[in-house]
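Me: I'm new to this one. Could you show me how to read it, feature by feature?

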Amino acid sequence: MENVDSSTDQYGGGIRAQFRMRFRQWVNRRIPPAREVTLDQRRIFIFPSRVGFFFGCCLLVMLIAAINFQNNLSYGLTFLLATLFIVATLHTYANLSGLTIRALRAEPAFAGQQTEFQLMVERSKQRHHYALYLKWPTSSETLVSLVADDSVNIQLHMAVDKRGWFNPGRLLLESTYPLGLLRCWTWIDLDLRAMVYPRPVASPDLPGLATDTPDGAAAMVVGNDDFYGFRNYRKGDSLRQVHWKGLAKGQGVQTKQYTAYADRSVWLDWDLFPGTGTEQRLSHLCYWVLEFDRRREEYGLRLPGVVIEPAVGEKHRDRVLKELALYSKEGWGR
Amino acid sequence: MNILQQVPRNALVWIIICQFALVAPHAGRLPVWVLAIYVVAVAWRLQVHRGRWSFPGRWVKVALTILSFIGVYASYGSLIGLEPTVALLLTAFALKLIELSQRKDAYVLLFLGYFICITEFLFSQDLLITLYSLVNVTLITTALVALHQPGEHQFNRGTLRLASTMLLQAMPLMLVLFFLFPRFAPLWTVPIKSHTAKTGMSDFMKPGDVASVSQSADVAFRVKFEGEIPPRSTLYWRGLVFSRLEQGIWSALGYYDVPVKEQRPGKVATVGEPMSYSIIMEPTQQNWLYGLHYAHSTTPGVMHTSDYRLFSPVPLEVEFMYTANTWTDVGVDTVLSDWRRMTETKLPPVDNPETRQIALDLRATTSSDEDYVALVLDTFNREGFVYTLRPGISSGPHPIDEFMFQSRRGFCEHYASAFVFMMRAAGVPARVVAGYQGGEINPVNKTVIVHQFDAHAWAEVWIAKKGWVQVDPTAAVSPLRIEDGLEAAMEYEGSFLDATPLSPLRYRSIPLLNLMRLRYDAMTYRWQSWVVGFDSKQQLGLLHSFFGEISGRVFATVLLGSWAMVLIPVAISLLRKRDTRPGSPLDKHYRVFCERVARLGLIRKPGETPAQFALRAMAAQPRFSDQLRRITRMYNDLAYADATSSDGSSAEVLRKFIRAVASFKPDKRMAMVEQTTSLQK
């Protein structure tokens, strides 16, 4: 299977790599990236599958049998199957034609874990579609049919190992329905990318922790957070903090408020880990971001050129993690 | 396992159906144990599917393979030849099911299935077999489609429909290829059928042989005359000539029994226009071809022997079609060579003394060979000889004496044999000829159908200046046999086809059945002459009559043109917009109604009930309020109320509803209204 993975390929020179690059450029021109793609003859490729070639060999044997036995009905059956092959091209093509593939979202993930891509396949109101096989070069695979429903949602998972924006490459959508003799496929770039946070790597302690208070040691108190009251639910609050019992009693949606001591707000600083490499530092920072978020203590981030004031909550965490993920990766855009 | 390699349950069911359907026409030719393997294989695979048993291990598979080879060898005595090969294929086809776990196994199995369809044609190209094979091909294709419908676990009629549709779409192109594809000569020799029974006449004849052939109601061959069909009593289809009598058995001369310079047939001076006819032989596994006296054929693959028979160098394994010309008024071998004379008068030295004696006595009373022939025939006629299918068995050392002077009961071979014996005893060159006499004329297509029960034996006598002359001693005993056929001749003893009570030929007296039989036979003839007998010569003729001079360019144009003509409509029908959203006719028509209302700028909101939608539409477009109310009421009645309403039964209301929707054309009406108002201004 031709691989169009654009993120991992090595341009090592050589005719093969050259050819691949040219091919990728051609595909890019032919099927430009888009969040939503409807398949038509510009985007669908069709060629006999391996089974089709095997079938062709069988037909050849049948033809030789017909010639050698001078048997007209054997000729007839051989020709019937040969033309069935030809008719099958139209049916195989029709199985892909008119489908719309829509990018839904890409879940952020930590490096070394799996990210999830969500997309939707929708049919034009024409016919049934069977056995659609979808896969990104390194993702999990799935097989769906559109028979009773007009559309289907699909989740594909793939492992990511580098922080930053992860581009999954082109999505392969293929089908050999109805006879398996022909393979009809397309490569579409859904313009989807997943945010990959650094891999969290624990560091035993946080030497020289920077805090707002002059006395840095005070902030290092580890303990349970104190519950101090309720407030009305705001969008973005964690569901874990919703006061479900109160909701059941009909008190409306309220969020339990915990507090860390204000003087404990922490600065996660680039300089906390002297003598380690960039990725190592980001990994440690990521670990501590998660740790403080778990403890629901306020923390801020200080990277060269980036400062985020201390705060707490999911939105804050995601913002901080995004900065970690994209640190010095400006080329990728934000 | 790769998700693409899973075999849906539906596909497994279709594959098992295919297996039984494919083995059925072969069943009669196969050893019983092969059929048993099918049952075992299906049972095993179903148990695997239910999780009770497991797939066979590698050694079990190896053992099964070796065992099936041994089994085929034990049953056929060889692994080479068509029948053992087909038996091996069918065994593999059954065993493959046990190890079917992935889609790639299913491909192998199903493609093998297509191949088995072809092997069936090597045994029979019958019309019914062809139709049955088409059913089989449809089943295999259906299984192939089902293999690509993951998650379909219920029987799905659409699977079968798609396979049939695709095959129907392939049919026209298949015909184009069939008639255009050049017919090559065989690339190499192929295994022949070694285990199929020979049918019809054999190359020797002892008393009782022809009578046993006559028990069969099978068709031997069909003949189509170019002009008028000659009277039945003159239709003597020569197939074999028996010149040698040894120990009571007549046999034909082998090729090497004839001296080299006698091996080619003598030159025959023909006079006038010949009678032309074409014959389609059913497969016999033998070499003889049949023709009237004296026949000459120009069909490739037909040879002529020194005793003026037609002959095929290869045994007829499938239907064979040839044409022949016959000149009736012709002298054959007018000059007889010494060797020929010696051979055709030779008798064993000492047997049947009484017959020899009477032959010499009778010859002495006549002046010429011709008178002698007439006298012997007269003797048969007068002396109370009986023509019967049940002559009894003679066991003595002098069977012809026994027949001539004691039993006087015999079938045609007894008369032919005794007659030729008497001729030779008197020194007149004579020989026994075997073949068929008469035939049934099919009024539907004016063919002559010759059945096995038309088998007959008669004689040829050499008369100076005239050459070989046909003489039928049976005609002297039972003229009815020659005029009206065996059934009429045997009416008095009821022995016609008494071994095959179910043959349709026994029910010829029922007009409807007989007409159906004859019509089917006419179809078979057309099938055989157009499809089975289609060869490069007919192909050239056909192409020439359609396209004149045949060149590569014409060929390519025709091929491409016909492909375009077939494929473009298929493509259009496949890719055009069509609404296959699920729903009852009611829902579909309501959807049409909503689409029409939408042309007025009113789009039904999700969750809006039909009544709410109608109210909103009526408020916005009061002009159509009557129609909107009426259609919506009918829809609600049909969808939510019980079957009947004031308007009649539900089917009737549905019809009314459909009509009302069809006549609801708001845009056109609106255009008309606007037109009229503008005209009034």
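Me: What radius of gyration does chain B have, and what would a compact globule of 681 residues have?

Reply: First, some ground rules. This is a predicted model, where local features need pLDDT of at least 70 and side-chain atom pairs count only at pLDDT 80 or more, while totals for chains, interfaces and linings use all residues. Residues are numbered from 1 along each chain as its sequence is written, and chains are lettered from A and ligands numbered from 1 in the order in which they are written. Now, the radius of gyration is taken over C-alpha atoms, and the globule rule is 2.2 Å times the number of residues to the power 0.38. That rule gives near 26 Å for a compact globule of 681 residues, but chain B has 37 Å. Its C-alpha trace spans about 125 × 80 × 55 Å along the principal axes.

Me: Which domains does chain B have?

Reply: Bounds come from an automatic or database domain assignment. Here they are domain 1 (3-150), domain 2 (204-501) and domain 3 (585-680). Over C-alpha atoms, the centres of domain 2 and domain 3 of chain B are 86 Å apart.

Me: How do I read a pair of packed helices?

Reply: You describe them by the angle between their axes and the distance between the axes. Axes are lines fitted to C-alpha atoms, for helices over the stretch in contact, and angles run from 0 to 180 degrees between N-to-C directions. In chain B, helix α21 (residues 610-620) and helix α22 (residues 625-640) pack at about 180°, with axes 9 Å apart. So α21(B) is roughly antiparallel to α22(B), a label for angles over 145 degrees.

Note on methods: Helices (H or I, at least four residues) and strands (E, at least two) are DSSP runs, numbered from the N terminus. Angles under 35 degrees count as roughly parallel, over 145 as roughly antiparallel, 65 to 115 as roughly perpendicular and the rest as oblique.
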